[in-house]
Amino acid sequence: MKDTFFNLNDVKQKRIIEATLKEFALTGYEKTSIDMIVHRAGISKGGMYEYIVSKEDLFQYALEHSYGSMFSYIQDRIMRDGSALPADPVERTRLISAVAVEFYIENPVTIAFIVSASRVYQGPIRDRVTDVLDSYFDNLYKTCRFDGIVHDGQDILSLLKWLLIKTRNDFQDKMETVGDVVVCRESYLDEWRFFLSVLSSGIYGGGKRPSAGK
């Protein structure tokens with residue numbers, strides 16, 4: 001994004017961001033045009049190009065904004081509740097997943113965009129999506145410890161990342177088909193209860209695991 005975008009007042013910035021997220025979420029990256037976004041935002045195409053370099057530039061900003069918002073929400077919510085991220089990766093995921101679903105519920109446009117972005121087919125753009133996801137995931141899990149885990153730590157992190165993506169996308173798909181927040185939240189939490197139970201008993205040698213947070 002150009003510096004001129006950040007000189008806009010908060011209301012206009014928010015309107016452009018919301019229009020961008022909604023259009024990419026509804027239409028997908030490949031089929032979304034700047035014309036569609038400016039129409040939704042209620043600004044001129046010339047005006048939009050005062051703030052962006054290209055569609056790719058706008059999409060990249062939307063990615064950073066969306067994942068950054070979710071990352072900040074998770075951190076702030078955990079700190080507000082007086083909790084700390086456990087060192088154990090399974091227990092950390094238990095806490096993160098429980099907070100993440102509240103973000104999904106409170107920010108439906110953002111999560112719809114994130115899920116849509118995860119399904120982009122274009123190679124270079126898909127690489128950007130992966131890079132942004134990896135960056136925020138690594139920040140959430142960089143202080144984990146793998147004491148007592150009999151499998152490679154990176155393999156465990158790859159599995160947890162895949163599960164976070166799967167459950168997030170499952171939640172969004174169910175919201176689009178069922179639409180009942182209570183039902184969708186419980187389905188999401190049920191899915192995680194199962195996965196975490198399997199992980200808790202399956203990744204530690206001899207069935208033993210360190211105490212959470214150590």
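**Figure 1. The largest nonpolar core of the predicted model, which has 62 residues.** In this predicted model, the residues with the most contacts inside the largest nonpolar core are Met-48, Phe-59, Tyr-104, Phe-113 and Tyr-141. At least two residues of this core are supplied by each of α2 (10-27), α3 (34-41), α5, α6 (89-106), α7 (108-117), α8 (123-141), α9 (153-177) and α10 (181-202). Helix α5 gives the most to this core, with 11 residues. In soluble globular proteins, nonpolar side chains tend to be buried together.

**Figure 2. The protein as a whole, with 10 helices and zero strands.** Read from the N terminus on, the elements follow the order α-α-α-α-α-α-α-α-α-α, and the C-alpha atoms fill a box of roughly 65 × 35 × 35 Å when this is taken along the principal axes. Of the 214 residues of the protein, 44% count as buried. When contacts between residues at least 6 apart in sequence are considered, 72% of them join residues at least 24 apart.

Figure 3. Just after α5, Gly-82 takes a positive phi of about 75 degrees.

**Figure 4. The packing of α5 against α7.** The two helices pack at an angle of about 120 degrees, and their axes are 10 Å apart. With angles of 65 to 115 degrees counted as roughly perpendicular and those over 145 as roughly antiparallel, α5 and α7 are therefore oblique to each other. Their crossing is left-handed. On the α5 side, the residues that meet α7 are Phe-59, Ala-62, Leu-63, Ser-66, Tyr-67 and Met-70, and on the α7 side their partners are Thr-110, Phe-113, Ile-114 and Ala-117.

Figure 5. Apart from its neighbours within four places in sequence, Gln-172 is in contact with Ile-111, Ala-112 and Val-115.

**Figure 6. Helix α9 and its buried residues.** The 25 residues of α9 should span 36 Å at 1.5 Å a residue, and the end C-alpha atoms of this helix are 36 Å apart, which agrees. Buried residues of α9 are Gly-153, Ile-156, Leu-157, Leu-160, Lys-161, Leu-163, Leu-164, Thr-167, Arg-168, Asn-169, Phe-171 and Gln-172. The helices against which these buried residues pack are α5, α6, α7, α8 and α10.

**Figure 7. Glu-23 in helix α2.** Because its relative accessibility is 7%, Glu-23 counts as buried. With residues up to four places away in sequence not counted, Glu-23 touches Gly-28, Thr-32, Met-36, Ile-37 and Arg-40.

**Figure 8. Two partly exposed acidic residues, Asp-127 and Asp-190.** Asp-127 is found in helix α8 and counts as partly exposed at 47% relative accessibility. The C-alpha atoms of Asp-127 and Ile-105 are 27 Å apart in space, for a separation of 22 residues in sequence. Asp-190 is found in helix α10, where its relative accessible area of 39% makes it partly exposed. Between Asp-190 and Glu-56, 134 residues apart along the chain, the C-alpha atoms are separated by 37 Å.

Conventions
Residues numbered from 1 in each chain as written. Predicted model: local features only at pLDDT ≥ 70, side-chain atom pairs only at ≥ 80, totals over all residues. Heavy atoms only, no water. Helix = DSSP H or I, 4+ residues; strand = E, 2+ residues; numbered from the N terminus. Core = buried A, V, L, I, M, F, W, Y, C linked by side-chain atoms within 4.5 Å. Buried < 20%, exposed > 50% of the residue type's maximum accessible area, 1.4 Å probe, protein only. Contact = heavy atoms within 4.5 Å. Axes fitted to C-alpha atoms, helices over the stretch in contact; angles between N-to-C directions. Parallel < 35°, antiparallel > 145°, perpendicular 65-115°, else oblique. Left-handed = near helix turned anticlockwise from the far one by under 90°. Expected span 1.5 Å × (residues − 1).
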